[in-house]
Amino acid sequence: MDSPSPPPTPPDLNLDNLKALKVLGRGAMGTVFLIQPTTVTTPFALKVVDKASIHSKLDAERRARWEIEVLSQLSHPFLPSLLSSFESHQFLAWALPYCPGGDLNLLRYRQNDRVFSPSVIRFYLAEILCALEHLHSLGIAYRDLKPENVLIQHSGHVTLTDFDLSRKLAPKSVKTVTTSASAPSALPVPESRRKHSRNLSRWIPHPDMSHRRSKIGLKKTKSARVSPVSRRRPSFSNGERSHSFVGTEEYVSPEVVRGDGHEFAVDWWAMGILTYEMLYGTTPFKGKNRKETFRNVLTKSPEFVGKRTELTDLIGKLLEKDPTKRLGYTRGAAEIKEHGFFRGVRWDLLTEVVRPPFIPWKDDGAGEIMEQVSAGNCGVDIRDYFESLKSPPSLPPSPVPLPSLSSKFKRAISLTEF
C-alpha cells in the first residue's frame with residue numbers, strides 16, 4: 001500500500017469567506033477551528049491568532065510565525081503539512097490537515113483501564129520516534145512532546161502538532177550506524193509488497209503482555225506550559241544548546257529545570273515520560289505543585305510495577321537524568337531503534353500498516369462534519385467569534401460550544417484485540 005496522498009490544498013484563506021463548523025481547541029497561541037470549505041470535500045483545521053489580543057504575551061506573534069516556518073519545511077507521513085496561510089492587519093492564520101481521531105490523551109481515556117497494551121505502545125512510539133528523527137535531521141528540537149500533541153489521523157497513524165515551542169539548533173555530528181533494527185522509515189517498498197495489506201500483527205510480533213499494569217493516577221495530565229525565558233548560546237561540545245526554560249511541567253527534563261542548557265535529548269526524555277504515561281496512566285514525577293514536580297524530576301527515580309521488562313527498561317534509559325547518558329544522546333533515534341523493545345519492528349513498513357490499533361469511526365468527526373454540511377449548518381463567522389471574546393464576561397464566550405468531553409468518553413474501546 002502506498003503512503004496516503006495529502007489532502008487537497010484548500011483555497012485562499014480569506015476569513016470573510018470561511019465558516020467554522022466548530023472550535024477544535026483554544027490555547028495561548030490561538031484558536032483552532034474546523035473548516036469545511038464549499039469548494040472541496042476534505043475538511044481542514046485552521047489555526048487563527050488574533051494579533052490584537054496577543055501583544056501582551058511574550059513573543060507570541062514571533063512564535064506563531066516560527067510555527068508556520070517550521071510547518072513549511074515538513075514532509076513526513078507522521079508530521080503535518082502546511083496547506084496554506086493567511087495574514088491581515090488583525091489575523092494570522094494557517095491551515096493544516098484535520099485529524100478526526102483526536103489526540104493520544106483522549107484515546108487513552110477511551111480504554112477500559114485507561115492505559116495501552118505494550119503492543120499498542122510500541123506502534124505509537126515507533127511512529128513518534130520516526131517523526132522526532134525527521135525533525136532532528138532538520139536541526140529542530142520539538143520540546144513539547146505530550147499526549148495532547150500527538151494526533152490521530154483519519155488513517156489511524158499519528159501526527160505531531162504545535163511547533164511554536166520548537167527551536168532550531170545546530171545538529172551534532174554523529175556517526176550513523178545502519179542495522180536491521182534502525183533502517184530508515186522512508187525506504188522504498190517493492191511493488192510486490194504493496195499488494196499485500198498489513199495489519200498490526202504482521203508489522204510486529206506479539207509481545208508478552210503478562211506483566212501487571214498500574215491502575216493508579218488516571219487523571220488527565222496537567223498541560224501547563226513553561227514559556228521560553230532566555231536565549232541560546234554555544235554548547236560545551238559540538239552542536240548547540242538552548243538555555244530557554246520551555247516545555248510542559250510534567251515533561252520538562254532535568255537539564256531544563258537546572259538551567260544547564262539543553263539540546264535534542266530533551267525530546268528523548270519527554271518520550272520516556274510519554275511512554276510511562278501510556279503504560280501506567282500517570283506521569284512519573286507529578287507532585288502537588290510545580291515546585292514539588294520539579295524537585296521530583298531532579299531527584300526521584302521512576303517507579304515501576306512488577307518484573308522488569310523491555311518496555312520498563314526503555315523508559316528507564318530514556319529517563320536518565322544525565323542527558324549525556326540518556327538513550328539517544330549519542331546517535332539519536334538510531335540508538336533508540338536498536339533497543340530490545342523495538343525488536344522485530346519493520347521500520348520501512350510503518351506507513352503500510354492499514355490496520356493501526358485505532359481507526360477513527362464516523363462519529364469521531366468526519367460523519368458529524370458531513371451531517372452538519374448536509375443540514376446546511378454553516379457554522380460561525382470567525383471574525384464574530386473573536387469579537388465575542390472581547391464581550392463582557394456575562395456574555396457567552398463563543399457562539400460555538402466546545403464539544404463535550406463526557407460524550408467522547410462514553411464508548412470504551414479496548415485495543416488489546418489488536
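Colleague: Nice to have this one on screen! How much accessible surface does the protein have, and what share of it belongs to carbon and sulfur atoms?
Modeller: Keep in mind that this is a predicted model. The accessible surface of the protein comes to about 18700 Å². Of that area, the share belonging to carbon and sulfur atoms is 53%.

Colleague: And what percentage of the residues count as buried?
Modeller: A residue counts as buried when its relative accessible area is under 20%. The protein has 418 residues, with 13 helices and 16 strands among its elements. The part of the residues that counts as buried is 55%.

Colleague: How are helix α3 and helix α7 oriented to each other, roughly parallel or roughly antiparallel?
Modeller: Helix α3 covers residues 118-137 and helix α7 covers residues 265-280. Their axes come within 11 Å and cross at roughly 165°. Angles over 145 degrees count as roughly antiparallel, so α3 and α7 are roughly antiparallel.

Colleague: Which kinds of residues make up the contact of α3 with α7?
Modeller: On the α3 side you will find I121, Y124, L125, I128, L129, L132 and H136. They meet D267, W268, M271, L274, T275, M278 and L279 in α7. Sorted by kind, the residues of this contact are eleven nonpolar, two polar and one charged.

Colleague: What about α7 and α9: is that crossing left-handed or right-handed?
Modeller: Helix α9 spans residues 310-318, and its axis comes within 8 Å of the axis of α7, at a crossing angle of roughly 145°. For comparison of the two pairs, the crossing of α3 and α7 is right-handed. The crossing of α7 and α9 is left-handed.

Colleague: Which residues of α9 make the contact with α7?
Modeller: From α7, the contact uses W268, W269, M271, G272, T275, Y276, L279 and Y280. The residues of the contact divide into nine nonpolar, three polar and no charged. The partners in α9 are L311, T312, I315 and L318.

Colleague: Back to α3 for a moment. Which residues does E133 touch, leaving aside those up to four places away in sequence?
Modeller: E133 sits in helix α3 and is partly exposed, at 27% relative accessibility. Its C-alpha is 9.9 Å from that of F264, although 131 residues separate E133 and F264 in sequence. The residues that E133 touches are A333, A334 and K337.

Colleague: Is T293 buried or exposed?
Modeller: T293 belongs to helix α8, residues 290-299. Leaving out residues up to four places away in sequence, T293 touches E249, E250, F285, K286 and G287. Its relative accessible area is 2%, and the cut-off for burial is under 20%, so T293 is buried.

Colleague: I was also looking at the loop between α2 and α3. What is phi of R114 near?
Modeller: Most residues other than glycine have a negative phi. R114 lies in the loop between α2 (104-109) and α3, and is partly exposed with a relative accessible area of 31%. Its phi is positive, near 60°.

Colleague: And where is D162 placed?
Modeller: D162 also has a positive phi, near 65°. With a relative accessible area of 21%, D162 counts as partly exposed. Its place is in the loop between β8 (158-160) and β9 (167-168).

Key. Residues are numbered from 1 along each chain as its sequence is written. This is a predicted model: local features need pLDDT of at least 70, side-chain atom pairs count only at pLDDT 80 or more; totals for chains, interfaces and linings use all residues. Side-chain values use heavy atoms; hydrogens and water are left out. Helices (H or I, at least four residues) and strands (E, at least two) are DSSP runs, numbered from the N terminus. Buried means under 20% relative accessible area, exposed over 50%, partly exposed in between (1.4 Å probe, protein chains only). Accessible areas come from the Shrake-Rupley method with a 1.4 Å probe; for residues, only the protein chains shown count as cover. Axes are lines fitted to C-alpha atoms, for helices over the stretch in contact, and angles run from 0 to 180 degrees between N-to-C directions. Angles under 35 degrees count as roughly parallel, over 145 as roughly antiparallel, 65 to 115 as roughly perpendicular and the rest as oblique. A crossing is left-handed if the near helix is turned anticlockwise from the far one by less than a right angle, and right-handed if clockwise. Contact means heavy atoms within 4.5 Å. Ala, Val, Leu, Ile, Met, Phe, Trp, Tyr, Cys and Pro count as nonpolar, Asp, Glu, Lys and Arg as charged, and the others, Gly among them, as polar.
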